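The sequence and structure are shown below.

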Amino acid sequence: MPVRACSELARTSAWPRVQGSLEERAELSDAGTRGTVGTVPPCIIRTQVQACLPIGVYMVEGKQLEPQCVTGRRMCCCCGSCARRLWHLGHARLEDFHQDALGGISGRMRAKKRPAILETSMDNNPPLRSSGRQVKRKTFETEEEEEGCEKKYRKCEKVGCTATHPVCFASAAERCAKNGYTSRWYHLSCGEHFCNECFDHCYRSHKDGYEKYATWKRIWTSNGKSEPSLKAFMSDQLVPFWVQCTNPDCAKWRQLTRDIQMTTTLAKMYRCGMKTHTAVKSENTDPCSLSEDMRVSEVGDSKWYSMLIVPPLLKDSPAAPFLGAYYPDCVGMSPSCANTNRFHNEYSSMKINSSEHTKSTVLSPVTGMSPYFQPFYQPNECGKALCVRPDVMELDELYEFPEYSRDPTMYLALRNLILALWNINCKEVLTPQKCANHVVVRGLVRIRCVMEVEKILYFVTRKGLVNTGVLTINPDCPLLPSCYHKKNVIVIGAGAAGLAAARQLQNFGIKVMVLEARDRIGGRVLDDHSLGVTVGKGAQIVNGCINNPIALMCEQLGSKMHKLGDRCDLIEEGGRVVDPTLDKSIDFHFNAMLDVVAEWRKDKKQFQDAPLGEKIEEIYKTFSQESGVQFNDLEAKVLQFHLGNLEYACGSNLQQVSAHSWDHNEFFAQFAGDHALFTSGYSSVISKLGDGLDIHLKTPVVSINYSGDDICIATANGTLWTTQKVLVTIPLTLLQKNTIQFFPNLSERKIKAINSLGQGVIEKIALQFPYKFWENKIQGADFFGHIPPSPDKRGLFGVFYDMDPEGKHCVLMSVISGDAVAVTQEMQEEQVAELCMNVLRELFKEQEVPDPIRYFVTQWNKDPWTQMAYSFIKAGGSGEAYDIIAEDIQGKVFFAGEATNRHFPQTVTGAYLSGVREASKIAAL
């Protein structure tokens, strides 16, 4: 028999009319009365009034039945139509509604034992009408009652789901099943389900919730790449937020109501019982004493994450301004947020010309952030050092977090968030709590994200991607947890590599000590201030500022770098400035010869290496013979200038440099962007790195014995030190000369790699003048070139730098490279200065050149603890030598320095990064 429509407030065939409150009606029921005739009550099934379900007299199949309330109390009202429907569904349904409805008054009324349901024999009261379906119902009445009991609850159909009694979180439909029966439960996670009624409410076009779903779907489709399913809609829009109490004695997770939106501010200040719209606590004496939802304890289980249907997509992620060119859902962000609109993000339109990427400056995506901070690759962008792809996990990440290999969305979302927060503010330590406050995502998965963001933060911190540089760390609050602290390390050498490693290890919470042979720290970094301006006797130029850790430390210290311009006028001896057109022409021919070298080494039949200088001469002769083109005297001199500049870059005469591997590092992504003059000097960074470290000066190490469980280190003054790990950061020359004896000896493979590299030598001279006599001729350029009069003068003061181009200090600095180093090696400082002045007077012959007020000349080749500037690959060697030298020995002896960094050799940046690399390796063991 079809069920009639619900009567709600209308009269129906069977209203048990009872007036008075619930308590009054309960008393009447207990007394056995039927109640008095009164006003027409509403149907509690339709309006979901908080009361238990029907009693009273109503008609079913033409027969008068009297089912009793499941508690035995005759206190409830419903229309005959709804009661008949519930009777057909089974008494289990009635009891289910009753338990929810009477929860609030259970303390005031004692429930009676449920009486047996009155069953009336159909044989004694034949029906008025009959049908096949009615006969079947009569025949299997007992079986139907049993089936009704089974329909009291329906379990989640997802295999492996631990929820025995699912509850609908959506409550979107008026007939939402809540925690009752529904024809199907839709699984989002173990603990989050929505009923079929709410599904229909949003999915069916004639339902009220469809318009909201359709609007969301249009936004999602326009911004995102993944399928805009209804489950994704529920996860993105309807699942309640969870927030953790900030009371350190509580830290319990609480579920917010659906009308409260999660924000970073709320996460920072939330306390149990807080009224979020007024930021005032509730009147409860101790809201934190309430127990935590049992579902929270399951979130940390690995099985829970495997049962997650929709991966978490963060809302309002700090990474959004950086990733406007990507589909948000491919990088862990929700496409429904305004800040992830791919078509209105200004940063997505900032593209770098691939042919000029090394010199272009990109605007910062975040106001106030350094434009040199670009942590993420942009689509179709050329390689940049220290960039990560925001949509792909790297190999070391997959090795560390294999659980994300199937679906890396959560990892990418959290890793990108961490990197963005660090680049936005690199002056403060990035803690797990700061990261957690920015994790805005609906559902229980936020709890899992907060758990995971801590592990990911520790990983990227250990790698040196965040929480690095010259940060001041509280020793009582190390960056890594206590499981990393059970080590002690000795670092040999207080240069950029040694100090970088020691700083990282100490910040990690590892005990570290530094042994330095000199009476100062810095190694090949040494700044002079005697000329009125900082002049680096060692390094001072930053090659490529984008993502360069030197630029990061400048930002942390508040130091400035002077961007070097591209203009470099070439001046002949005699004072004539070379035509820029001629310079560009020779530069083109020079680069063409290097391109021929690159093509030559691609030939797999060529197994024999050759000196780069010899190969260039061979190519030049072939070109002249085949083309008939001969360079005139000036063009030949300009070519010599470019060759001298290449020797400056290599640190050696080209006859010693490998033609096959001279530019081996160019196969890896290099630092892009501006080249800059570090006006405050590298020593400002070095001294800050050394602050607070346990450094022993004038302590040269003579031997390292790693044959036992502990490592024994002997120094020249007879002191013996023992440690678990040792990091060797001495210059390549000292390794080649066996300044430190290793027991057991180093492997033949490592010794061969050490000897396959050359020790380049560069010397400098700086002169202070009473005024800038070069200013009119150079017209504001940062540097100018000297055309050598003959090949044997190549490399002798090839380039002059104005050390204070925007200030009043009149200081020029020049370099000596290639064979010219040997020419000046035995000269006195005054002789070198006089030689340099002769060159300047030739370059500015048309005017008077004043004598210098002060000057200095470096002699790195005579420094017993250095003896070199930077490494290069000798003919017959390969870039693999850098990797072999960097290999540790038995997990005890480690190596760092620019000669161990295959990607960035010859630079302070490369030395610093090698120290960070080894600190990460030591901490991970």
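## Overall make-up

The chain contains 29 helices and 30 strands. The model is predicted. The chain has 925 residues, and 52% of them count as buried.

The accessible surface of the chain comes to about 42,700 Å². Carbon and sulfur atoms hold 50% of that surface. Among contacts in the chain with a separation of 6 or more, 70% are between residues 24 or more positions apart.

An open sheet is formed by 6 strands, in the order 15-25-26-27-24-28, and its pairing is mixed. At its edges are strand 15 (568-571) and strand 28 (854-857), each of which pairs on one side only. From one strand to the next, the twist averages 20°.

Strands of a sheet pair through backbone hydrogen bonds, in either a parallel or an antiparallel sense.

## Pairing at the strand 15 edge

Edge strand 15 pairs with strand 25 (residues 783-786) in the parallel sense, over 4 bridges. Cys568 has Phe783 in strand 25 as its bridge partner.

## The helix across the sheet

Which helix lies across strand 15 and strand 28? Helix 27 (residues 829-843) does, and it also lies across strand 24 (763-768), strand 25, strand 26 (796-802) and strand 27 (811-816). Helix 27 runs at about 75° to strand 26.

Methods: Residues numbered from 1 in each chain as written. Predicted model: local features only at pLDDT ≥ 70, side-chain atom pairs only at ≥ 80, totals over all residues. Heavy atoms only, no water. Helix = DSSP H or I, 4+ residues; strand = E, 2+ residues; numbered from the N terminus. Buried < 20%, exposed > 50% of the residue type's maximum accessible area, 1.4 Å probe, protein only. Contact = heavy atoms within 4.5 Å. Areas by Shrake-Rupley, 256 points an atom, 1.4 Å probe, with all protein chains shown as cover. Pairing = 2+ DSSP bridges. Axes fitted to C-alpha atoms, helices over the stretch in contact; angles between N-to-C directions.
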